[in-house]
Amino acid sequence: MKEWWVQVGLLGVPLLAVYLHIPPPQPSPPLRSWRASGTFFTYKDRNIFYRDSSGAVGSSDVVILLHGFPTSSYDWSKIWEGLTQRFHRVIALDFLGFGFSDKPRPHRYSIFEQANVVEGLTRHLGLQNHRINLLAHDYGDTVAQELLHRYEHNKTGSILINSLCLSNGDPTSLSVTPAANPRLCSPWMLHNQGFLLSVLQYINQRKKHRDRWVGALVSTSVPLHLIYGPLDPVNPHPEFLQLYKKVLPMSTVSVLDDHISHYPQLEDPMGFLNSYLNFINSF
């Protein structure tokens with residue numbers, strides 16, 4: 001497991017680039033293709049990128065994918081086709097400040113606002129009365145927890161949640177270091193300049209609102225699952241998994257191979273996809 005100062009150092013490289021106003025490089029061909037396959041909707045005068053693919057015939061199931069820090073909806077690219085074979089609609093967005101979505105600065109980014117953006121997307125797509133399966137990773141786990149809290153408390157405009165699957169996030173607020181995989185500290189990371197300014201805000205929000213967001217998981221009757229890459233330096237094994245099972249004994253868990261780390265949907269897309277579909281087909 002890397003020491004905390006290594007993680008902070010890795011994150012510091014792109015932060016310095018932002019501070020020095022180094023222009024981001026152009027997206028790679030796969031990223032340009034990803035963008036061409038999506039579109040934008042407007043949330044409070046901000047352009048939010050999303051993809052919406054029609055998939056399995058005869059199914060009415062919808063899944064919305066919530067990406068992590070510090071990346072974008074492209075994190076789901078390796079399992080996208082597999083999901084379309086199971087779900088009627090597969091939807092993913094870039095959170096405000098991430099990916100191809102607008103990156104206002106200065107701006108006080110918050111988990112609450114990101115949840116509002118997701119709710120805005122479901123209204124835009126006419127899905128406000130449709131039961132939604134949420135599949136989340138890392139930062140997206142916390143957004144999903146806020147959406148779950150709203151659903152459990154019957155908040156106006158809340159998403160109707162059919163199931164929730166988390167992956168390699170910090171739903172119990174155990175760790176405090178954001179992910180900074182050196183493999184991702186590169187063109188795509190620098191393309192996401194806006195979100196870098198919010199990093200300390202979202203970590204502090206996790207601490208401040210821990211009772212709200214962990215409480216939503218503890219009290220829910222929504223089917224809950226965790227997919228976990230055990231080589232994760234941010235949420236280390238076995239401590240993270242032991243705490244998760246202690247706090248959320250009702251949740252089912254899939255632990256991937258020992259060499260899988262913080263980005264399991266990229267590192268082991270088939271294992272991740274099979275784990276998720278086994279969960280979805282279990283209820």
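Tutor: Exposed means over 50% relative accessible area, buried under 20%, and partly exposed in between, with a 1.4 Å probe and protein chains only. Helices (H or I, at least four residues) and strands (E, at least two) are DSSP runs numbered from the N terminus. This is a predicted model, in which local features need pLDDT of at least 70 and side-chain atom pairs count only at pLDDT 80 or more, while totals for chains, interfaces and linings use all residues. Residues are numbered from 1 along each chain as its sequence is written, and side-chain values use heavy atoms, with hydrogens and water left out.

Student: Which residues of α10 are buried, and what do they pack against?

Tutor: Phe240, Leu241 and Tyr244 are buried in α10. Seen down the helix axis, the buried residues fall within an arc of 95°, so they line one face of the helix; the arc is that of the directions from the helix axis to the C-beta atoms. They pack against β6, β7 and β8, where contact means heavy atoms within 4.5 Å.

Student: How many bridges join β7 to β8, and where does the chain cross between these strands?

Tutor: Two strands pair if DSSP finds at least two bridges between them. Here four bridges join β7 to β8 (residues 252–255), and the two run parallel, with His225 standing opposite Thr252 in β8. From β7 the chain crosses through helix α10 (residues 239–247) to β8, in a right-handed β-α-β crossover. Right-handed means that, with the strands pointing away from the viewer, the path from the first strand over the helix to the second runs clockwise. Strand β6 (residues 160–167) is likewise joined to β7 by four bridges, also in parallel, and Leu166 has Leu226 of β7 as its bridge partner.

Student: Why is β7 largely enclosed by the rest of the structure?

Tutor: Five of the five residues of β7 (residues 224–228) are buried, so the strand is largely enclosed. Both faces are covered, with Leu224, Leu226 and Tyr228 buried on one side and His225 and Ile227 on the other.

Student: What does Ser167 contact?

Tutor: Ser167, found in strand β6, is buried with a relative accessible area of 0%. Leaving aside neighbours within four places in sequence, Ser167 is in contact with residues including Asp138, Leu226, Ile227 and Phe272. Asp138 itself is in the loop between β5 (131–136) and α5, and is buried with a relative accessible area of 2%. A polar contact of 3.0 Å joins the side chains of Asp138 and His262; such a contact is a pair of N or O atoms within 3.5 Å, where within protein one must be able to donate a hydrogen and the other to accept it, and residues adjacent in sequence count only if both atoms are side-chain atoms.

Student: How many residues has the largest nonpolar core?

Tutor: A nonpolar core is a set of buried Ala, Val, Leu, Ile, Met, Phe, Trp, Tyr and Cys residues joined through side-chain atoms within 4.5 Å. The largest has 47 residues, and Leu66, Leu134 and Leu164 are among those with the most contacts inside it. Helix α5 (residues 139–152) gives the most to this core, with six residues.
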